[in-house]
Amino acid sequence: MLIFVPTFGFNNITTNGVALGPAAIPSWVIVCIFYFLPLTAIIAEMASVNENKRGGIYSWIAFSLGHRWAFFGTWSYFISNLFYLQFVFARIPVMASWALFGENRFTDANVSLLPYYSILLCLMLTWIASRGVKSFSKLSNLGGKLTIAVTGGFIVFAFLAYLKGTPSATEFSMDSMMPDFSTSYFATFSWLLLAVSGAEVAGTYIDKVNSPLRNFPRGVIMATMLVGVAYILGSFAVSLVASPAELSEAGLKDAIFVVHKLLAESLGVSGDLVVRLFAMIFLVTSVAAYVVWIESPFRAMFSEVPDGTFPEMLTRKNADGGLTHALWIQAGVVIVLIAIPLIGLESIDAFFRLITDLTALSLVIPYMILAAAYLVFRMNNNPGPFTMMRSNKVAHSVALGTLIISVAAFFGAGIDYYVDAETGWEAAKAILMTYGGPIFLIALGYGLTHFHKQSTG
């Protein structure tokens, strides 16, 4: 559940449904088979050879490529998390609005209220995360069970309604389900990779797992299968309930609630009541997932980093191994970021789209480095205690394929902004907006650590 909760999100189904329509279904299949499963196999194997370390993705990269590449990998992971938390804290008030009022009251006219609610939520959830993994793992367990129940219920009732005679809202054909492979598709493809990220977060808690050499890899693989099936069947169910036009009209922020309302009404049940109940459950499960995302990247970043890399206030641990000081510093940075991005944007949908792109772009960087680390590891070593790929040739091919897809997703995340630009200045601004921000923050992090090492001798 600690893997499933932060990885799976029903909103990922509707978000990609808005962008791709029924073409999202084969896209999920492609991503799960050719990216998610190979990446999970890499994570499970790298974790098995580092079972005594708590650094997660940092330890895995450092084991193969050394501490410098481990820093780049985990710092970019941390940067993507900052963008993601912006998205999170702006989205939770929308969930609460649907739960309380049965509609989204954060329209473009009063979207300026979101930063204030977001800042308050940032402080509250950071406090929960600072209480330690033993506390929020229980919340994750509850959230995972509720997520499975709600998602399974939606899929079952969507198919039951169809079998009882309710016509499909979407026309399924080879033409409608075939991706167009345009620049827009490749831009959205990086969202799909973002949606399957999360299996690595549990790596920072491997030292707290009973029989980690056996249970951790099994847990990762089981969660992967569960997430993949949920995304594929969920996308099919959403397409049965809502047409591409209805999804597009609902938009990125509201489609997840609209599809539940449409399904309830097709079954003769109060759509308003169902959507409020779902929104309340979604609110609880989301809080569980977001608390993990607040805390886990810090364990990955600082748990195994060499002494002197960062100031002591960032690496100071409490009795649970948590990094309370770093959590509150992160909260301060996120609060500053929350106050900036809504200024000058055309709409709240534009905000969500931009933040999703920035998160996806930043997140594939550590996956690139992790795939390269695994490739080097398998070229120089025998398979670890746990492996799904006993053949070195297969392992090399899988690592190389994962690396290539990650690189393609990195450039694809911002390509749409560049292609749609009408002037050279707009194209340059688009490149700076999407690629410049993450790259600048990654370079800034490296510069700060270099300066700290120089100043401390």
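Me: At what angle do helix 2 and helix 10 pack, and how far apart are their axes?

Reply: The model is predicted. In general, a pair of packed helices is described by the angle between the axes and the distance between them. Here helix 2 (residues 10-20) and helix 10 (residues 212-241) pack at about 55°, and their axes are 9 Å apart. Helix 2 is therefore oblique to helix 10.

Me: Which hand does the crossing of helix 2 and helix 10 have, left or right?

Reply: The crossing is right-handed. On the helix 2 side the contact is made by F10, N12, I13 and T14, and on the helix 10 side by A230, Y231, G234, S235 and V238. Sorted by class, this contact has five nonpolar residues, four polar ones and no charged ones.

Me: Is S406 buried or exposed?

Reply: S406, a residue of helix 16 (residues 392-420), has a relative accessible area of 0%, so S406 is buried, the cut-off being under 20%. Setting aside neighbours within four places in sequence, S406 is in contact with Y35, V364, Y367 and M368.

Me: Which residues have the most contacts inside the largest nonpolar core?

Reply: They are F89, I92 and F257, in a core of 108 residues. Helix 5 (residues 67-101) gives the most to this core, with 18 residues.

Me: What is I92 in contact with, leaving aside its neighbours within four places in sequence?

Reply: The contacts of I92 on that basis are L121, L125, L283, V287 and Y290.

Definitions and conventions
Residues are numbered from 1 along each chain as its sequence is written. This is a predicted model: local features need pLDDT of at least 70, side-chain atom pairs count only at pLDDT 80 or more; totals for chains, interfaces and linings use all residues. Side-chain values use heavy atoms; hydrogens and water are left out. Axes are lines fitted to C-alpha atoms, for helices over the stretch in contact, and angles run from 0 to 180 degrees between N-to-C directions. Helices (H or I, at least four residues) and strands (E, at least two) are DSSP runs, numbered from the N terminus. Angles under 35 degrees count as roughly parallel, over 145 as roughly antiparallel, 65 to 115 as roughly perpendicular and the rest as oblique. A crossing is left-handed if the near helix is turned anticlockwise from the far one by less than a right angle, and right-handed if clockwise. Contact means heavy atoms within 4.5 Å. Ala, Val, Leu, Ile, Met, Phe, Trp, Tyr, Cys and Pro count as nonpolar, Asp, Glu, Lys and Arg as charged, and the others, Gly among them, as polar. Buried means under 20% relative accessible area, exposed over 50%, partly exposed in between (1.4 Å probe, protein chains only). A nonpolar core is a set of buried Ala, Val, Leu, Ile, Met, Phe, Trp, Tyr and Cys residues joined through side-chain atoms within 4.5 Å.
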